[in-house]
Amino acid sequence: DGLFASMLNNYPEFLSELEGIYVTDFFGASDRIHSLAPFGRKISKTFRSLYTSDPFSYTGLGAEGYGILYAAMNKCADPTNRKCINSMIRSTKGFAGIIGKISIGLDGKATRPLVIGKVQDSELKTVVRVH
C-alpha cells in the first residue's frame, strides 16, 4: 500500500508503469460508498465535505484509530487514565471500522479486513476482500 499510495500521490503520470500489479490495501480505492460499513460511510461523507482530494489509506487508518481511542476512553471511569485506556484498546472486539470489524488482542496486534487490488487502466480495482 505504501508504494502505491506514494505513486498515486507523487507520480500519477507514471501509474501506467504499474499496470497489472497486485496491491494490498486497507480499504480499496475503487470501493463504492454503499459497500462501506456505517462508520466508513460517515467518515467518507465527512471527509468529502471538507476536502476535494481523494483520501488515502492513512486518512482512513487515522479515522479508525481515533474511533478506537474514543471508544476506549468512553469505557474508562476516568477517561484520562492511561492504563485503563491501554487496557480498553487492547480488549477491542468487533469495532465497526470503515469496511469491517477490527479487533485488538492483549498483545496489541489487530485483526482487520484487507483488500487485494489490481492496477488496471491506471486505477486500483478491488479484486477481493479478505475478512
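Colleague: How many disulfides does the count come to?
Modeller: Keep in mind that this is a predicted model. The count comes to one disulfide.

Colleague: Which cysteines does that disulfide join?
Modeller: C76 is joined to C84, with 2.1 Å from S to S. The angle about the S-S bond is -100°, and the link of C76 and C84 is left-handed.

Colleague: Is C76 buried or exposed?
Modeller: C76 has a relative accessible area of 6%, under the 20% cut-off, so C76 counts as buried.

Colleague: Switching topic, which residues make up the largest nonpolar core?
Modeller: That core has 10 residues, among them F27, L36, F39, I68 and V115. In general, nonpolar side chains in soluble globular proteins tend to be buried together. There is also a second, separate core of seven residues, including F4, M7, V23 and L124.

Colleague: What does β1 pair with?
Modeller: β1 pairs with strand β5 (residues 114–120) in the antiparallel sense, over four bridges. The bridge partner of V23 in β5 is G117.

Colleague: Last one: where is T92?
Modeller: T92 is in the loop between α4 and β2. Leaving aside neighbours within four places in sequence, T92 is in contact with I68, I102, S103 and I104.

Terms used
Residues are numbered from 1 along each chain as its sequence is written. This is a predicted model: local features need pLDDT of at least 70, side-chain atom pairs count only at pLDDT 80 or more; totals for chains, interfaces and linings use all residues. Side-chain values use heavy atoms; hydrogens and water are left out. Helices (H or I, at least four residues) and strands (E, at least two) are DSSP runs, numbered from the N terminus. Contact means heavy atoms within 4.5 Å. Two strands pair if DSSP finds at least two bridges between them. A nonpolar core is a set of buried Ala, Val, Leu, Ile, Met, Phe, Trp, Tyr and Cys residues joined through side-chain atoms within 4.5 Å. Buried means under 20% relative accessible area, exposed over 50%, partly exposed in between (1.4 Å probe, protein chains only). A disulfide is a pair of cysteine sulfur atoms within 2.5 Å.
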